[in-house]
Amino acid sequence: HPKGVTPAKLADTFGIALGRARTDIMTVRDWLGVNPRTAQMHVPHARESQAAKAQGVGVYQVEGLLIDLDLFRRLRVRGQARGADGIADLRKALTLVSGQPFDHLRTSGWSWLHEGYRLDQQMLCAVVDVAHMVTTFALMEGEHEQARAAAELAAMAGPDEEIPRLDLAAVAAAEGHHHEAERIVREDVCDSSEDGQAPTELSERTENIIASHDWLTPGKAPG
């Protein structure tokens with residue numbers, strides 16, 4: 001949790017007794033061990049964490065631990081800051097992605113994800129954005145296999161997102177598969193429906209992307 005949680009909140013979230021929560025935290029504290037940069041435990045005692053000192057109440061918080069989400073963010077920021085020279089960082093970031101962000105949540109768990117942070121949605125958008133940049137660069141370089149891999153990864157991470165589907169259409173067109181590109185745009189973007197009802201209106205960005213390419217047969221543009 002970005003701001004840490006009190007022992008009582010932890011116990012309530014996991015549906016366990018307060019004593020059990022404290023015991024489990026002790027176990028996790030032992031697992032994670034000492035932060036070599038500070039010589040302090042990665043999970044300090046509740047009243048010794050940085051969040052606790054800031055809030056004036058005992059709070060459990062993980063400190064100084066680099067996880068895949070944090071590393072993805074760092075690689076993305078560095079890659080974008082370096083421009084064309086940062087494409088290696090963006091590709092490296094994608095190697096940390098194996099599916100939809102937070103798709104293995106415990107039933108009734110991770111409730112804080114939906115308490116205004118929506119970290120799952122933030123990371124989904126970040127993955128799609130990075131994959132789009134990698135796909136675009138790879139197509140410019142004629143690296144169709146790399147472009148397809150990035151686009152397919154984004155489609156797996158964000159199955160309801162339009163950009164990965166448009167990227168897949170772009171890859172198909174670059175490979176000379178124009179009928180496949182048209183099928184993707186028509187079926188997976190223009191006529192896509194999440195609830196079996198009429199297709200939703202396309203975003204302005206999507207409309208502009210489709211209009212700037214010749215994926216659709218003349219006279220059959222989306223209406």
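**Entry 1: helices α4 and α5**

At what angle do α4 and α5 pack, and how far apart are their axes? I looked this up and found an angle of about 160°, with the axes 7 Å apart. Axes here are lines fitted to C-alpha atoms, for helices over the stretch in contact, and angles run from 0 to 180 degrees between N-to-C directions. That makes α4 roughly antiparallel to α5; angles under 35 degrees count as roughly parallel, over 145 as roughly antiparallel, 65 to 115 as roughly perpendicular and the rest as oblique. I noted the crossing of α4 and α5 as left-handed, meaning that the near helix is turned anticlockwise from the far one by less than a right angle (clockwise would be right-handed).

From α4, the contact draws on Phe72, Leu75, Arg76, Arg78, Gly79 and Gln80, and from α5 on Asp89, Leu90, Lys92, Ala93 and Leu94. Contact means heavy atoms within 4.5 Å. I sorted the residues of the contact of α4 with α5 by class and got 5 nonpolar, 2 polar and 4 charged. For the classes, Ala, Val, Leu, Ile, Met, Phe, Trp, Tyr, Cys and Pro count as nonpolar, Asp, Glu, Lys and Arg as charged, and the others, Gly among them, as polar.

**Entry 2: ground rules and overview**

A reminder to myself: this is a predicted model, where local features need pLDDT of at least 70 and side-chain atom pairs count only at pLDDT 80 or more, while totals for chains, interfaces and linings use all residues. Residues are numbered from 1 along each chain as its sequence is written, and side-chain values use heavy atoms, with hydrogens and water left out.

I counted up the secondary structure of the protein as 10 helices and 2 strands. These are DSSP runs numbered from the N terminus, helices being H or I of at least four residues and strands E of at least two. Reading from the N terminus, I get the order α-α-β-β-α-α-α-α-α-α-α-α.

Of the 223 residues, 36% count as buried. Buried means under 20% relative accessible area, exposed over 50%, and partly exposed in between (1.4 Å probe, protein chains only). I also looked at contacts between residues at least 6 apart in sequence, and 51% of these join residues at least 24 apart.

Is Asp89 buried or exposed? Asp89 sits in helix α5 and counts as buried at 6% relative accessibility. Its side chain makes a polar contact with the side chain of Arg82, at 2.9 Å. A polar contact is a pair of N or O atoms within 3.5 Å; within protein, one must be able to donate a hydrogen and the other to accept it, and residues adjacent in sequence count only if both atoms are side-chain atoms. Not counting residues up to four places away in sequence, Asp89 touches Leu75, Arg78, Gly79 and Arg82.

Asp68 is in helix α4 and is partly exposed, with a relative accessible area of 48%. I checked Asp68 against Leu96: 28 residues separate them in sequence, and their C-alpha atoms are 6.4 Å apart.

I turned next to α4 (residues 68-81) and α6 (residues 119-140), whose axes come within 11 Å and cross at roughly 40°. That makes α4 oblique to α6. The crossing of α4 and α6 is left-handed. Leu69, Phe72, Arg73, Arg76 and Gln80 of α4 meet residues of α6 including Met123, Val127 and Met133. I sorted this contact of α4 with α6 into 8 nonpolar, 2 polar and 3 charged residues.

For α8 (residues 162-174) and α9 (residues 178-190), I found an angle of about 165° and axes 7 Å apart. The pair is therefore roughly antiparallel, and the crossing of α8 and α9 is left-handed. The contact of α8 with α9 divides into 9 nonpolar, 1 polar and 3 charged residues.

**Entry 3: loop residues**

Where is Ser49 found? I located Ser49 in the loop between β2 (40-41) and α3 (50-55), and at 0% relative accessibility Ser49 counts as buried. A polar atom of the Ser49 side chain lies 3.1 Å from the backbone nitrogen of Ala52. Leaving aside neighbours within four places in sequence, Ser49 is in contact with Pro44, Val59, Gln61 and Glu63.

Ala39, in the loop between β1 (34-35) and β2, has a positive phi near 65° though it is not a glycine. Ala39 is exposed, at 58% relative accessible area. Phe102, in the loop between α5 (87-94) and α6, also is not a glycine and has a positive phi of about 60°. I noted Phe102 as partly exposed, at 22%.
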